[in-house]
Amino acid sequence: MTTYTARPIDPTVLKELRSADDAGSGMVPARDEEGGAPLRCCLRRSERGERIALVSYAPLRRWATEPGAYDEVGPVFVHAEECGGPAAGSGYPFAEAHRVIRRYSAEGHILGGELVDTLDDEAFQRAFTDPSVVLVHVRAVEYGCFHFEVRRA
């Protein structure tokens, strides 16, 4: 049973990113010829032929009180048009590889991280042991890309 919820990029934010991303660029949609891109709007892999876009996203910018130097901008794949979001009860997405769970304070400062082999409730329980952790990001190991966030249960 999954206790924590993987949260995609909020639909309001997605609308903004499809207009002008967090680097100030306009969206350039493309047909995904191969499939398999990790979509942060619905937390699944893209299917061959879907219209997607690679946009710049700064996740801390929308909630952290003082992210400062931690206000990083990175690439994320999203559907080029609005989608239905994640399927209910879909568990932890993008769990087929090593991931980094990065912990954040309310200010948006990094409080540590952990390389995990498995995304499961135990990994998130460890991340939230410190009461000053308000949320965690799940990120790719290879490039550090944001996959999704998890807040306290």
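**View 1. Order of the secondary-structure elements in the predicted chain.** From the N terminus, the elements follow the order α-β-β-β-β-β-β-β-α-β-β. The chain thus holds 2 helices and 9 strands, where helices (H or I, at least four residues) and strands (E, at least two) are DSSP runs numbered from the N terminus. The model is predicted: local features need pLDDT of at least 70 and side-chain atom pairs count only at pLDDT 80 or more, whereas totals for chains, interfaces and linings use all residues. Residues are numbered from 1 along each chain as its sequence is written, and side-chain values use heavy atoms, with hydrogens and water left out.

View 2. S46 is located in the loop between β3 (44–45) and β4 (51–57). Its relative accessible area is 6%, so S46 counts as buried (under 20% relative accessible area; exposed is over 50%, partly exposed in between; 1.4 Å probe, protein chains only). Beyond its neighbours within four places in sequence, S46 contacts D32, G35, G36, A37, L39 and I52, a contact being heavy atoms within 4.5 Å.

**View 3. Dimensions and packing of the chain.** Along the principal axes, the C-alpha atoms fill a box of roughly 40 × 35 × 25 Å. Of the 153 residues in the chain, 42% are buried. Among contacts with a separation of 6 or more, 59% join residues 24 or more positions apart.
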